[in-house]
Amino acid sequence: MGFPNVLYVWDDRFLYLTEGIASGYTQRHTVTLLLSLNDTPFTLCESGGAVQPYHAALVGKQVTRSLDAGSVPLLSLNFDPQSYEYHALSAFLGEEGVKAVTLDDAALPADWVRRCTSEAFEDAAFFRLTTQLPRAIIGYQPIRMPIDMRVMHIAQKIKKELPLTSTVAELGEEVGLSQDRLTHLFSESLGISIKSYLLWARMRRAVECIARGDTLISVAHDVGFSDSAHLTRTLKAFFGLTPSFLARGMRLHMK
């Protein structure tokens, strides 16, 4: 059995398993945990030109980097600003954009790498793994954080109502806030502007649509782009990947 080329998408995180990936410079709105699933390192190049090999690395939000995994089987776990882990891992990173990390194998299920790559996890157990991996990082500590349910509601609405969209004023009115107050509260709570989050939600949906086999033209229309060329450029800026890579045999699991 070959190594899987598969994408798992949940409401507040996504994970992909692939082999031999190389991406150009990208800047995501997620906090990303990258893991080599064998003894071979992958390399990350930051915008300043520094190239560093890693077996496991944590990459902060909106950090510009490129990735070259060569023939390395890779797990990429990405946490959305709506997730608790996004904020806890951001606190763990502090001012560091990229951090080499070590995982405590005793904190993870037995034989988890084989079960992961053979897609042997049940749905619930696989989601649980996405919560166990951050906690297995040596030195990681949970944090306390306030939750504003108005912001969480709006973040969920933005993703769930796509391809429909609401203006920021309409979103604010729904939770009894002015446009300016919602804009401030959203950035303060999630660490990302509401306009950036809207674009991130559209890109996330585009990845899902492409991976399930929709045409590029229909995807561009679905997520509000004028043409497929604009979508391709934006997608590559976010993920460092072309639509053809996503469409080439990548299995999609919506959770």
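# Close-up views of a predicted model

**Figure 1. Helix H3 and its surroundings.** Helix H3 runs over residues 123-135, and its 13 residues reach 19 Å from the first C-alpha to the last, close to the 18 Å expected at 1.5 Å a residue. Keep in mind, here and in every view below, that this is a predicted model. Within H3, the buried residues are Phe 126, Leu 129, Thr 130, Thr 131, Gln 132, Leu 133 and Pro 134. What covers these buried residues of H3? The cover includes strands E1 (6-9), E2 (13-19), E4 (31-36) and E9 (73-79), together with helices H1 (84-93) and H2 (112-117).

**Figure 2. Strand E9, covered on both faces.** Strand E9 is part of the cover over H3, and E9 is itself mostly covered, with 7 of its 7 residues buried. In a regular strand, side chains alternate between the two faces of the sheet. In E9, one side carries Pro 73, Leu 75, Leu 77 and Phe 79, the other carries Leu 74, Ser 76 and Asn 78, and all of these are buried.

**Figure 3. The strand partners of E9.** Which way do E2 and E9 run when they pair, parallel or antiparallel? They pair in the antiparallel sense, over 7 bridges. To find a place to start, look for Leu 17, whose bridge partner in E9 is Leu 75. Strand E4 also runs antiparallel to E9, and 6 bridges join the two. Here a handy landmark is Thr 32, with Asn 78 as its bridge partner in E9.

**Figure 4. Two nonpolar cores.** The largest nonpolar core holds 53 residues, and Phe 42, Leu 44, Phe 186 and Phe 239 have the most contacts inside it. Helix H7 (residues 194-211) supplies the largest share of this core, 10 residues. A second, separate core has 31 residues, including Leu 15, Leu 75, Leu 108 and Phe 121.

**Figure 5. Around Phe 186.** What does Phe 186 touch, once residues up to four places away in sequence are set aside? Its contacts are Val 151, Ile 154, Ala 155, Gly 191, Ile 192, Ser 193, Ile 194 and Tyr 197. Phe 186 is also one of the residues with the most contacts inside the largest core.

**Figure 6. Ala 57 in strand E7.** Ala 57 sits in strand E7. Is Ala 57 buried or exposed? Ala 57 counts as buried because its relative accessible area is 0%, under the 20% cut-off. Leaving aside neighbours within four places in sequence, Ala 57 is in contact with Thr 32, Leu 33, Leu 34, Phe 42, Leu 44, Val 98, Lys 99, Ala 100 and Val 101. For a sense of scale, Ala 57 and Asp 227 are 170 residues apart in sequence and 35 Å apart in space, C-alpha to C-alpha.

**Figure 7. Ser 178 between two helices.** Ser 178 lies in the loop between helix H5 (168-174) and helix H6 (179-190). With 43% relative accessibility, Ser 178 falls between 20% and 50% and so counts as partly exposed. The side chain of Ser 178 reaches the backbone nitrogen of Arg 181 at 3.0 Å. Ser 178 and Ala 106 are 72 residues apart in sequence, with 49 Å between their C-alpha atoms.

**Figure 8. Backbone geometry to check.** Most residues other than glycine have a negative phi, and most peptide bonds are trans. Where is the peptide bond that is cis? The cis bond runs from Leu 162 to Pro 163, with omega near 15 degrees, and Pro 163 lies in the loop between helix H4 (149-160) and H5. Gln 62 has a positive phi, near 55 degrees, in the loop between strands E7 (56-59) and E8 (65-68). Gln 62 is partly exposed, at 36% relative accessibility. Asp 111 also has a positive phi, near 60 degrees, and belongs to the loop between strand E10 (98-100) and H2. Asp 111 is partly exposed, with a relative accessible area of 43%.

Figure 9. How many disulfides does a search of the whole structure find? The search finds 0. Cys 45 is buried at 14% relative accessible area, and Cys 209 is buried at 1%.

Definitions and conventions. Residues are numbered from 1 along each chain as its sequence is written. This is a predicted model: local features need pLDDT of at least 70, side-chain atom pairs count only at pLDDT 80 or more; totals for chains, interfaces and linings use all residues. Side-chain values use heavy atoms; hydrogens and water are left out. A disulfide is a pair of cysteine sulfur atoms within 2.5 Å. Buried means under 20% relative accessible area, exposed over 50%, partly exposed in between (1.4 Å probe, protein chains only). Helices (H or I, at least four residues) and strands (E, at least two) are DSSP runs, numbered from the N terminus. The expected span of a helix is 1.5 Å times one less than its number of residues. Contact means heavy atoms within 4.5 Å. A nonpolar core is a set of buried Ala, Val, Leu, Ile, Met, Phe, Trp, Tyr and Cys residues joined through side-chain atoms within 4.5 Å. Two strands pair if DSSP finds at least two bridges between them. A polar contact is a pair of N or O atoms within 3.5 Å; within protein, one must be able to donate a hydrogen and the other to accept it, and residues adjacent in sequence count only if both atoms are side-chain atoms.
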